[in-house]
Amino acid sequence: MAPSTPAQPKPMRADTERTVRTILEAAERVLSANPAATMEQIAEAAGVARTTVHRRFASRDALIAALAAWATGRLYEAVEAARPDTTPPAVALYQVTANVLRVKLGWGFAMGALPTDAPEVARVHAQVLAACERLFTRARDAGLLPADADLDWARRVYYALLHEAIAEAPEGDTAVDALAGRVVDTLLHGVGGRS
């Protein structure tokens, strides 16, 4: 007997998808400012009726879970948009960094609310991790990282640099781009400068 695959959710109509996105974007704004905000406050910020929010999300927890899943999807798209498997490694590393910073800054509440036991979130995170591992291997092979570099350690340092960069909360694309350059430069060259 062939293994069964999980049923895929039925695709949403375009207008329903827009409404859900509007609600999720409003939820991110409202919950970032006030993590205790109610469904009613989120509905008001989204410009929809409270019943619309309740029809789309059975509970506040369901809304937050959907918000976290949505943000995880944006993170995956941010990494893939940089084409980490085909773009020259230095360019890809910079673009992944800038893209990820934008997602993590724009979806900060949702990224902090990621449920670690949600299968879809875990699957997407595994894909992002695999893409990062491939990119770091390509960076080493291109000579951006030393041939004997511990890639697991380098990746963990990179994640820590991203975390610190997010703590700066830069405003605007120019500031994010500059910060992405700083993260990549620090990863590749350290803080002591180039010799």
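Trainee: What is the relative accessible area of R156?
Mentor: This is a predicted model. In it, R156 has a relative accessible area of 44%.

Trainee: Which side chain does R156 meet in a salt bridge?
Mentor: D152, at 3.1 Å, N to O. D152 is partly exposed too, at 35% relative accessibility.

Trainee: Where do D152 and R156 sit relative to each other?
Mentor: In helix 8, 4 residues apart, so about one helical turn separates them.

Trainee: How many salt bridges does the structure hold?
Mentor: It holds 9. One of them pairs D85 with R134 at 2.9 Å, N to O. That pair links distant parts of the chain, 49 residues apart. D85 is in the loop between helix 4 and helix 5, and R134 is in helix 7.

Trainee: Switching topic. Which residues touch the most other members of the largest nonpolar core?
Mentor: L31, F57, L63, L67, W107, F136 and Y158. The core has 54 residues.

Trainee: Which helix gives the most to this core?
Mentor: Helix 4, with 8 residues.

Trainee: And what does F57 touch?
Mentor: Leaving out residues up to four places away in sequence, F57 touches V20, I23, L24, M39, A62, L63 and A66.

Trainee: Last one. Is N99 buried or exposed?
Mentor: Buried, at 15% relative accessible area. N99 is in helix 5. Its side chain makes a polar contact with the side chain of Q95, at 2.8 Å.

Terms used. Residues numbered from 1 in each chain as written. Predicted model: local features only at pLDDT ≥ 70, side-chain atom pairs only at ≥ 80, totals over all residues. Heavy atoms only, no water. Core = buried A, V, L, I, M, F, W, Y, C linked by side-chain atoms within 4.5 Å. Buried < 20%, exposed > 50% of the residue type's maximum accessible area, 1.4 Å probe, protein only. Helix = DSSP H or I, 4+ residues; strand = E, 2+ residues; numbered from the N terminus. Contact = heavy atoms within 4.5 Å. Polar contact = N/O pair within 3.5 Å; in protein donor to acceptor, adjacent residues only side chain to side chain. Salt bridge = Lys/Arg side-chain N within 4 Å of Asp/Glu carboxyl O.
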